[in-house]
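Subject: Structure for your review

Dear colleague,

Please find below the structure that I am handing over to you. My notes on it follow directly after.

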Amino acid sequence: MNKTKPYLFMLMMVCCIVITTACLSDIKLPNIKLPEKETEDLIEWSYTGPGNPGHWGELDSTYVECSTGQKQSPINMVTEKIKSTDKRNEKVVPIEFYLQPMEVGFINNGHTIQITGINSHNTMTVDGKSYRFKQIHFHHPGEHQFNLSAYPIEIHFVHQTDDGSEYAVLAVMVKPGKENLELKKLWDIFPDVKTDTQIKVASQIDPRELLPNNIRSYRYNGSLTTPPCSEKVHWVILKKAVEWSQEQIDLFAKAFPNNSRPIQYLNDRPILTEPKDAKTEFNNNPNGSPDPSGSPTPKSSTAPTK
Ligand SMILES: [Zn+2]
């Protein structure tokens with residue numbers, strides 16, 4: 001008989017626990033407002049950490065194209081698949097520039113170094129449409145890839161239609177070599193850390209000095225490579241790279257160890273280039289001696305010489 005007592009005790013204990021738990025579940029907790037996840041709305045897009053490119057599409061409702069878009073940039077270009085006629089069988093026409101030295105402002109916006117033209121009238125014409133020069137910025141390593149290899153730096157010359165609806169971005173690759181003296185004017189005042197205001201550069205900058213002497217290009221339609229990743233960019237990627245000294249490359253690379261978006265799916269987009277016989281030589285040294293090869297220079301590529 002005594003053996004049943006411990007079981008009775010255990011049964012009572014279990015009942016007490018069940019009743020107590022049931023009672024507690026009815027207790028109304030005081031209405032304490034828990035702190036909201038303060039960081040949730042404040043994650044800024046970046047290249048590493050919680051705001052990295054894999055999350056751009058979730059960071060803001062206006063960034064949704066970064067994850068849902070089908071025409072995103074940058075891309076890898078398989079050069080043997082590039083064609084010189086479009087789907088209407090029309091030949092790709094070389095780009096044209098109207099370029100003059102310009103006053104510029106200079107800023108480290110935390111994502112890159114950006115050089116903005118002040119009252120610039122410079123333009124680029126792509127497929128018969130004129131785009132006004134807006135700003136230059138840089139990526140390290142280069143964003144677009146050629147047969148899966150990238151250059152150390154890629155320069156983006158951002159142009160936009162006057163109504164703001166479309167962009168044409170000229171991408172110029174940089175390889176190690178000679179020092180670029182035009183870039184030196186900017187790199188001499190390089191802001192290592194994020195700056196809130198634009199620095200006015202004392203001397204004018206001649207964008208021709210930042211371009212190669214041949215403007216043969218690869219063209220495709222894509223997006224901005226930073227949020228909001230809008231798919232309204234006509235990409236013009238120059239085949240020929242320009243040279244900067246290793247020190248000039250290193251100065252940017254040290255401040256921006258990685259500000260490059262990973263490559264995106266090409267999907268069914270064609271990549272085009274000018275036909276082999278197209279005139280793509282570019283007089284990027286208007287004050288120097290004429291091109292000894294006697295190659296004609298696109299008329300609109302040169303500003304009036306002094
Ligand atoms: Zn860019």
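P141 is located in the loop between β6 and β7 (145-146), where helices (H or I, at least four residues) and strands (E, at least two) are DSSP runs numbered from the N terminus. The peptide bond joining H140 and P141 is cis, with omega about -10 degrees. Please note that this is a predicted model, in which local features need pLDDT of at least 70, side-chain atom pairs count only at pLDDT 80 or more, and totals for chains, interfaces and linings use all residues. Residues are numbered from 1 along each chain as its sequence is written.

P228 is found in the loop between β11 (217-222) and β12 (233-238). The loop between β11 and β12 also holds C229, which has a positive phi of about 60 degrees although it is not a glycine. C229 counts as buried because it has 27 C-beta neighbours inside 10 Å; the term buried requires 20 or more other C-beta atoms within 10 Å of the residue's own, exposed means 12 or fewer, partly exposed lies in between, and C-beta atoms are placed from the backbone.

L148, in the loop between β7 and β8, likewise is not a glycine and has a positive phi, of about 70 degrees. L148 is exposed, since it has 9 C-beta neighbours inside 10 Å.

I turn next to strand β8 (residues 153-160). Seven of its eight residues are buried, so β8 is largely enclosed by the rest of the structure. Strand β6 (residues 129-139) runs antiparallel to β8 and is joined to it by seven bridges; two strands pair if DSSP finds at least two bridges between them. Across these strands, F138 stands opposite I155 in β8. Strand β9 (residues 167-176) pairs with β8 in the antiparallel sense over eight bridges, and M173 in β9 is the bridge partner of E154.

β8 and β9 form a hairpin with six residues between them, and G164 in the turn has a positive phi of about 75 degrees. G164 is exposed, with 9 other C-beta atoms within 10 Å. Its C-alpha atom is separated by 9.6 Å from that of Y131, 33 residues apart along the chain.

Of its 306 residues, 30% count as buried. Among contacts (C-beta atoms, placed from the backbone, within 7 Å) with a separation of 6 or more, residues 24 or more positions apart account for 67%.

Yours sincerely

Methods: Two residues are in contact if their C-beta atoms, placed from the backbone, lie within 7 Å.
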